[in-house]
Amino acid sequence: LRSYLGKAYELTMQEVIAKFAAKELQTTLLHQFSLSNIREQLLKNKSFEFIGRGYLPSGEFTAKKHRMFYFHNDERYVLYTRTDITKEVKLYEEQNAALRKISQDAKKLKDKEITLLDALSHGIRTPMNGIYSSVQLLQEEKDHTKALQYLDIISDNTRRLQVAFSNLLSISDLSKNQFQFKPQKLNISLF
């Protein structure tokens with residue numbers, strides 16, 4: 001910045017901002033660094049600070065915290081400091097990105113939970129209704145053949161409930177990482 005020594009402040013700031021600041025921030029930074037704005041801000045508060053963001057030729061960004069205040073409360077002298085906070089800003093942005101991903105993953109998981117609960121609810125409610133209705137009809141039925149049909153319905157729905165509860169327990173075991181495979185012979189004709 002030695003090449004700017006001895007030049008008028010406003011002209012120097014225009015050149016520095018045009019050379020080093022991100023294009024989309026140049027107008028804002030010109031305002032932030034204007035003497036009239038600095039005076040106005042320092043009338044309101046003892047210090048004035050803001051963060052500027054620039055880009056290197058490689059495309060990497062840099063972030064600087066700019067702070068101004070009157071030197072020993074003398075309004076003739078403004079002390080200016082600039083601190084590189086690029087690492088902190090990058091960390092902050094990485095943490096925000098990670099939090100957004102966690103939030104999205106949590107929403108997906110919640111959606112899957114709701115879908116699972118809907119399926120389980122249907123898988124339990126339907127056989128329960130079949131059992132309940134069949135028991136009511138069975139209690140009033142005098143015909144032995146029809147009574148046996150109702151008992152078959154009750155038996156089928158009881159098997160469906162056993163499968164639903166077995167699936168529910170398997171899901172519970174999976175979520176606790178306690179799932180174990182147990183090879184068994186299976187009679188496919190039951191399904």
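**Close-up views of a predicted model**

**View 1. The open sheet.** In this predicted model, three strands make an open sheet in the order β1-β2-β3, with antiparallel pairing (strands pair if DSSP finds at least two bridges between them; strands are DSSP E runs of at least two residues and helices H or I runs of at least four, numbered from the N terminus). At the edges lie β1 (47–55) and β3 (74–84), each pairing on one side only. On average, neighbouring strands are turned by 20° against each other, direction ignored (axes are lines fitted to C-alpha atoms, and angles run from 0 to 180 degrees between N-to-C directions).

**View 2. The β2–β3 hairpin.** Here β2 (residues 61–71) meets β3 in the antiparallel sense over eight bridges. Look for His-66, whose bridge partner in β3 is Arg-82. Two residues separate the strands of this hairpin, and His-72 in the turn has a positive phi of about 50°.

**View 3. The largest nonpolar core.** Eleven residues make up this core, among them Met-13, Leu-29, Phe-48 and Tyr-70 (buried Ala, Val, Leu, Ile, Met, Phe, Trp, Tyr and Cys residues joined through side-chain atoms within 4.5 Å; buried means under 20% relative accessible area with a 1.4 Å probe, protein chains only). Two or more residues come from each of α1 (9–20), α3 (35–44), β1 and β2.

**Notes.** Residues are numbered from 1 along each chain as its sequence is written. Local features need pLDDT of at least 70, side-chain atom pairs count only at pLDDT 80 or more, totals for chains, interfaces and linings use all residues, and side-chain values use heavy atoms, leaving out hydrogens and water.

Key
Buried means under 20% relative accessible area, exposed over 50%, partly exposed in between (1.4 Å probe, protein chains only).
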